[in-house]
Amino acid sequence: MYDRTYQAGELVGVLTTEPLGRVLDYRAPEGGCGDGDFVEVPLGPRRVLGVVWGRGRGDWDIAKVRPVGRVLDAPPMRAELRAFLTKAADYTLTPLPQMLRLATRAPGLMEGAALRRVYRLGGAVPNQLTDARHRVVEALRAYGGAPMTLGELAEEAGCGTSVVKGLVKLGVVVEEEAPRDLPFPVLDPKGGPELQGDQVAAADALVAAVAAGEYSTTLLKGVTGSGKTEVYLEAVAECLRAGRQALVLLPEIALTAEFLTRVEARFGARPAEWHSGVTQTERRRVWKMVATGGASVVVGARSALFLHYQRLGLVVVDEEHDTSYKQEEGVLYNARDMAVLRASIVGCPVVLASATPSLETWANVEAGKYSRLDLSARYGAAEMPDVRAIDMRAEKLPADRWISAKLAAEVAARVAKGEQAMLFLNRRGYAPVTLCRACGHQVGCDHCDARMVEHRFQKRLVCHQCGATKPVPVACPACGVEGRMAAVGPGVERLAEEVAARFPEARVAVLSSDLFGSARALKAQIEAIAAGGADIVIGTQIVAKGHNFPLLTLVGVIDADLGLQGSDLRAAERTFQLMRQVAGRAGRVEGRKGVALLQTHQPEHPVIRAILGGDEEAFWRAEAAERRAAGVPPYGRMAGVILSSPDVAQVFDFAGELARRDGPLRKVGAVVFGPAPAPIARVRGRHRVRLLVKAEKGVPLQAALAEWVGQVKPPANLRLAVDIDPQSFL
Ligand SMILES: Nc1ncnc2c1ncn2[C@@H]1O[C@H](COP(=O)(O)OP(=O)(O)OP(=O)(O)O)[C@@H](O)[C@H]1O
Ligand SMILES: [Zn+2]
C-alpha cells in the first residue's frame with residue numbers, strides 16, 4: 001500500500017467509521033490530499049471523520065460525488081497501520097469501518113489545537129483536608145501528576161467542582177491554561193539492575209533482536225519470579241536508545257498501576273498509559289503523542305495495539321497465555337495474535353512473556369516459527385514452591401465448610417510465624433446457588449439461562465451474564481414457602497466468613513474484582529498486602545497474576561478441580577496455567593520457601609498429577625498429542641458462529657438453514673457442527689444458538705466462511721457473530 005497524493009478534484013476513496021460496508025468516493029479538496037490523511041467528509045446531512053483510502057473507485061454517479069470537507073491537522077495514518085487494519089479485518093471477518101473505529105478511539109480528533117483549562121497539584125502542602133479534598137489530591141497523585149480538566153477531576157474524586165475550586169484558593173491545586181497534549185517526559189535507558197545467570201543471555205538476545213529492527217517473535221519463558229520483566233525491560237531500553245517506540249501489553253488494568261511504578265523506577269519517568277480507565281483528556285494526549293513521537297513507551301491493554309505509532313520498534317505481550325487478551329465483545333480478536341500480525345507488518349520484534357505459555361505459542365516454537373528463551377530459576381536465592389495435593393475424599397468436611405483440617409493447620413502455622421497465607425477460590429460472590437429447601441427450586445436470572453449468584457456484600461443476587469440484580473427472596477419464587485431459601489456452595493465472600501470464624505485473630509483481606517469501586521482502591525489494597533497489612537489473603541483469579549507479596553509463603557487452592565469440569569477443549573491447559581501461576585505467588589523471597597496445597601477430589605487426574613509433578617514439557621507434549629489426534633487448535637482450525645434472537649424458533653430455523661447450505665465450507669474440506677443451543681442458551685432475553693466449524697490448518701477458512709454466511713441474509717432482529725479461533729464456548 002504505497003502512498004499517493006491527489007490533486008484537487010481527483011477522485012479519492014474515503015473510509016469512515018460508519019457501517020456502510022464500502023469505501024466511498026469523494027473529490028480531493030482544494031490543495032489536494034494524500035493517502036492516510038484524516039479528513040472530514042459530508043455524509044448525508046452530517047459531517048463525519050474518515051481516512052483517505054486509495055484512489056476513488058469511480059463506480060458512483062459522478063454527478064453525486066461531493067468534495068472532501070477539509071483535511072484535519074493530524075499526522076496521516078501510515079501505510080503500515082492501514083495494511084494492519086485491512087489484514088486484521090480480513091482475518092477476523094470484521095467490516096473495515098469497525099476496525100477503523102478501534103484505531104480512532106480518541107476524543108476530539110476533529111478539533112484543532114487550542115488552550116484549555118486544567119488542574120494539577122500545586123506547591124502548597126495540604127494539611128487537615130476534608131475527606132472530599134483528600135480524594136481530589138489522591139486522584140491527582142494517582143495519575144502521576146498528569147493534569148485533568150475540572151469535570152474529569154471532580155468525577156475521579158467523586159466530589160463537586162466547588163471542592164476543586166476550594167483547593168485552588170488554598171494553593172494545593174493549581175489552575176492553568178495549558179496547550180493541549182504535551183509530550184511525555186523522556187525516558188532514560190541507562191541504569192537497570194545487574195542481570196544474573198540466564199537473564200544475561202536472554203536480555204542479550206532480545207536487545208539484539210531490537211537492534212536488528214526486523215520482525216521476529218520470541219517466547220520468553222521463565223518460572224514465576226525469574227525476572228522476565230527485568231529482562232524484557234532491557235529490550236525496551238534498547239528501543240529507547242534506537243529512538244523507537246515500545247509497546248508493553250498487560251492482560252489486566254489492575255496490573256498497570258504496579259507496572260507503571262516499576263517502569264518509572266527503571267527509566268526515571270512514567271510512560272504513556274492506554275486503557276479504558278484513562279481519562280478522555282489523557283487518551284487524546286496519548287493518541288497524538290504516540291502519532292507524533294512524543295511518547296516513547298506505551299503501557300496498555302489490548303486496544304493499545306491500534307494506536308498510531310510513529311516508529312514502533314518492539315511489542316511485548318506480558319502473560320501472553322492470559323485469556324483476557326481475547327476480546328469477546330464487539331470485534332472478536334486475540335490481541336496476542338494481532339500483536340504478531342502488526343509487528344510482522346511494521347518489521348519489529350515481538351516478545352511473548354509467560355511462565356505458562358499457551359499451547360498455541362508452545363506449538364509455534366516447536367514448529368520453528370518462534371524462538372524461545374528460558375529463565376529456569378527464580379532470581380537470587382529464592383526457591384520455587386513445593387506443590388502438594390490434599391485428598392478431600394479423606395477429609396469428610398461438613399457441607400458448609402471448605403477448608404480442610406490439613407490446610408487450616410498450615411494456615412495457622414504461617415500466621416503464627418508472621419508470614420502470609422493466600423486462599424484461592426475462583427468464584428466471586430458469596431454462594432453460586434440459591435436454592436429452596438422445600439421444593440428444590442434454584443433462583444435464576446429473568447433474562448438469561450444462568451443461576452443468580454448471591455453477593456452478600458451488596459446484599460443482592462447478581463447474574464454474572466448480564467449484571468441484572470434482585471434482592472435475595474424470603475419466600476421461594478416457585479413454591480411460595482417462606483424462610484427455606486439457602487445459599488449453596490462457596491464463593492470468596494463465604495470463604496472469608498469461614499476464615500473469620502476459624503482464625504478470629506488474623507487480619508483478612510479479600511481480593512475480588514467486584515469488591516473494589518476503582519482500580520485505585522484495588523491498587524491500594526494490593527500495596528497494603530505487600531507491605532504486610534494482612535495475614536490471610538482470600539482471592540479470585542486477580543490474585544494469581546503478577547503480584548509480588550514478599551511475606552507470602554503458603555498458597556491454598558480451595559477447589560483445584562473447579563476448572564476441570566465442562567467440555568472446553570482448553571480446560572486442562574487453563575487449569576494447569578492457573579494452578580502454576582497461583583502457586584508461583586508463594587515464597588518469592590530468598591529464605592522463605594513457599595508451599596502450595598491443592599485441595600482436590602481427584603488427585604489421580606492426569607492434569608492434577610502434571611501440576612504436582614511440575615514436568616511442564618511432558619504436560620505440553622501430552623496435551624499437544626491429544627489435540628493433534630483430535631484435529632483441534634493449534635493443530636486444526638476452528639470458527640464459532642453465534643446466532644441470537646428474541647425468537648427461539650427463528651434462530652433455530654436460520655441456523656439450520658446455514659448448516660444445510662455448507663457447500664462453500666465443504667469446498668475447503670471444512671465441516672460444520674450444530675446447530676446446538678449455546679451452553680448459556682439465553683442472555684439478556686436473546687436465545688443463543690451455536691455452530692462450530694472445523695477445518696484443517698492451512699486452508700483458506702476465512703474466505704470460505706465469508707462466502708458461506710453471505711448466502712443467506714439474517715432477519716432484522718437476528719444477530720450473527722463469527723468468532724475465529726474461539727477461546728470460549730459459551
Ligand atoms: N537481576 C535482578 N536484579 C535485581 N532484582 C531482580 C533481578 N531480577 C529479578 N529481580 C527481582 O525479582 C523479582 C521477580 O522478578 P520479575 O517480577 O521480573 O519476575 P517475573 O518473571 O516477571 O515474575 P512473574 O512471572 O511471577 O510475574 C522482582 O522483585 C524483581 O525486581
Ligand atoms: Zn442475566
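Two strands pair if DSSP finds at least two bridges between them. I take helices (H or I, at least four residues) and strands (E, at least two) as DSSP runs, numbered from the N terminus.

I note that this is a predicted model: local features need pLDDT of at least 70, side-chain atom pairs count only at pLDDT 80 or more, and totals for chains, interfaces and linings use all residues. Residues are numbered from 1 along each chain as its sequence is written, while chains are lettered from A and ligands numbered from 1 in the order in which they are written.

**Entry: parallel sheet**

I started at Ala421, whose bridge partner in S25 is Ile536. Strand S18 (residues 420-424) runs parallel to strand S25 (residues 536-539), with four bridges. I then traced the whole open sheet: six strands, parallel pairing, order S17-S27-S26-S18-S25-S24. S17 (386-391) and S24 (508-511) are the edge strands, each pairing on one side only. From one strand to the next, the twist averages 20 degrees.

I looked for helices on this sheet. Helix H12 (residues 405-417) packs there, touching S17, S18, S25, S26 (552-557) and S27 (595-600). Its direction makes about 160 degrees with that of S26. Helix H15 (residues 571-583) also packs on the sheet, touching S17, S18, S26 and S27, at about 150 degrees to S26. Axes here are lines fitted to C-alpha atoms, for helices over the stretch in contact, and angles run from 0 to 180 degrees between N-to-C directions.

**Entry: hairpin**

I checked S5 (residues 38-43) and S6 (residues 46-55): they pair antiparallel over six bridges. Pro42 has Arg47 in S6 as its bridge partner. Two residues lie between the strands of this hairpin, and Gly44 in the turn has a positive phi of about 55 degrees. S5 also pairs antiparallel with S7 (residues 70-71), over two bridges. There Glu40 stands opposite Arg70.

**Entry: domain 1 against domain 3**

The domain assignment, automatic or from a database, gives domain 1 as 5-103 and domain 3 as 198-375. I find 14 residues of domain 1 in contact with 13 of domain 3 (C-beta atoms, placed from the backbone, within 7 Å). H1 (79-92) and H2 (96-103) each supply at least two residues of the domain 1 side. H1 gives the most, seven residues.

**Entry: ligand 1**

I listed 18 residues around ligand 1; Pro193, Gly227, Lys228, Thr229 and Tyr379 come nearest. Near means a C-beta atom, placed from the backbone, within 6 Å. Helix H7 (residues 228-241) gives the most to this shell, with three residues. Domain 3 and domain 4 each contribute at least three residues.

Notes
Two residues are in contact if their C-beta atoms, placed from the backbone, lie within 7 Å.
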